[in-house]
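Let's take a walk through this protein together. Keep the sequence and the 3D view open as you read.

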Amino acid sequence: MMALARAVALVVGLGATCAQGAEIGYLAPPGVPAEEFPSPQRPVAQIVSPSRSAEQHRDSFNEAGEIARILELKPGMTVGDVGAGSGYHTVRLSRLVGATGSVIAQDVTRDYLVALARRTERLGLRNVKFALGEPHDPRLPASSLDAAILVHMYHEVAHPYAFLYNLVPALKAGARIGIVDIERPTSEHGTPLALLRCELSAVGYREIATHQLAGDGGYLAVFAPREERKPPRDIVACGDRAGAR
């Protein structure tokens, strides 16, 4: 009987995992293809982990709280956690925006989203949606986001000009994006601030402010899209600068 019970539990568990996985896909039709944009003139870091560091360490510097404060995130908002990974920010944003708000956890690695779906279910978080993206396109619903965060992942975006361009339609009027990274070469899993500013400006974003986060959290650069976007063919890739080394 014990063996039978374990077998049933295993089948049920696998069924739940498959169901969660089946529900995770693209939330929007494809945007502009990658080949319409220039390639980055600097290294792109490989995706090596769903999490930057231990959550307790990040909590000790109140990383999530500082980002929420600077971006003025509030209950009732819909926030995109772009490159959600293991869901450090997704979980905390879910509680912050509350039952009247929602979080869209987006990633290009489907297995990360499947694991995150299990985590949010275990925690009883009902206001999280999951969005599979592509390296050049976040595939997020039009006019769905009050704000978006890209935390310690920008240096891993394979097609940054296309990705940033295709993110714009998902932003509501007045929405901002917050990019968190470290002042180091992209080949070393950071993004020099001068390079970030250049690439965002090339796509048509304007910088609002830059803040230094506590501890080893790096910087938080806040941007908003300009009203008029350049056509993809007019975007000029930024030079390598400090991005390669």
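This is a predicted model: local features need pLDDT of at least 70, side-chain atom pairs count only at pLDDT 80 or more; totals for chains, interfaces and linings use all residues.

The protein chain contains seven helices and seven strands, and along the sequence they follow the order α-α-α-β-α-β-α-β-β-α-β-α-β-β. Of its 245 residues, 49% count as buried. The chain exposes about 11,500 Å², with carbon and sulfur atoms supplying 55% of that area. Among contacts with a separation of 6 or more, 76% are between residues 24 or more positions apart.

Now look inside. In soluble globular proteins, nonpolar side chains tend to be buried together. Here the largest nonpolar core has 35 residues, and Ile-177, Leu-196, Leu-200 and Tyr-205 touch the most other members. Two or more residues of this core come from each of strand S4 (145-151), helix H6 (160-167), strand S5 (171-181), helix H7 (193-203) and strand S7 (219-225). A second, separate core holds 29 residues, including Ile-67, Val-97, Ala-147 and Val-151.

Leaving aside residues up to four places away in sequence, Leu-196 touches Tyr-154, Ile-179, Thr-191, Tyr-219, Ala-221 and Phe-223.

Finally, find helices H6 and H7. How do their axes cross? They come within 9 Å and cross at roughly 55°, which means that H6 is oblique to H7. The crossing of H6 past H7 is right-handed. Where the two helices meet, Pro-160, Tyr-161, Leu-164 and Tyr-165 of H6 face Glu-199, Leu-200, Ala-202 and Val-203 of H7 in contact.

How values were computed: Residues are numbered from 1 along each chain as its sequence is written. Side-chain values use heavy atoms; hydrogens and water are left out. Helices (H or I, at least four residues) and strands (E, at least two) are DSSP runs, numbered from the N terminus. Buried means under 20% relative accessible area, exposed over 50%, partly exposed in between (1.4 Å probe, protein chains only). Contact means heavy atoms within 4.5 Å. Accessible areas come from the Shrake-Rupley method with a 1.4 Å probe; for residues, only the protein chains shown count as cover. A nonpolar core is a set of buried Ala, Val, Leu, Ile, Met, Phe, Trp, Tyr and Cys residues joined through side-chain atoms within 4.5 Å. Axes are lines fitted to C-alpha atoms, for helices over the stretch in contact, and angles run from 0 to 180 degrees between N-to-C directions. Angles under 35 degrees count as roughly parallel, over 145 as roughly antiparallel, 65 to 115 as roughly perpendicular and the rest as oblique. A crossing is left-handed if the near helix is turned anticlockwise from the far one by less than a right angle, and right-handed if clockwise.
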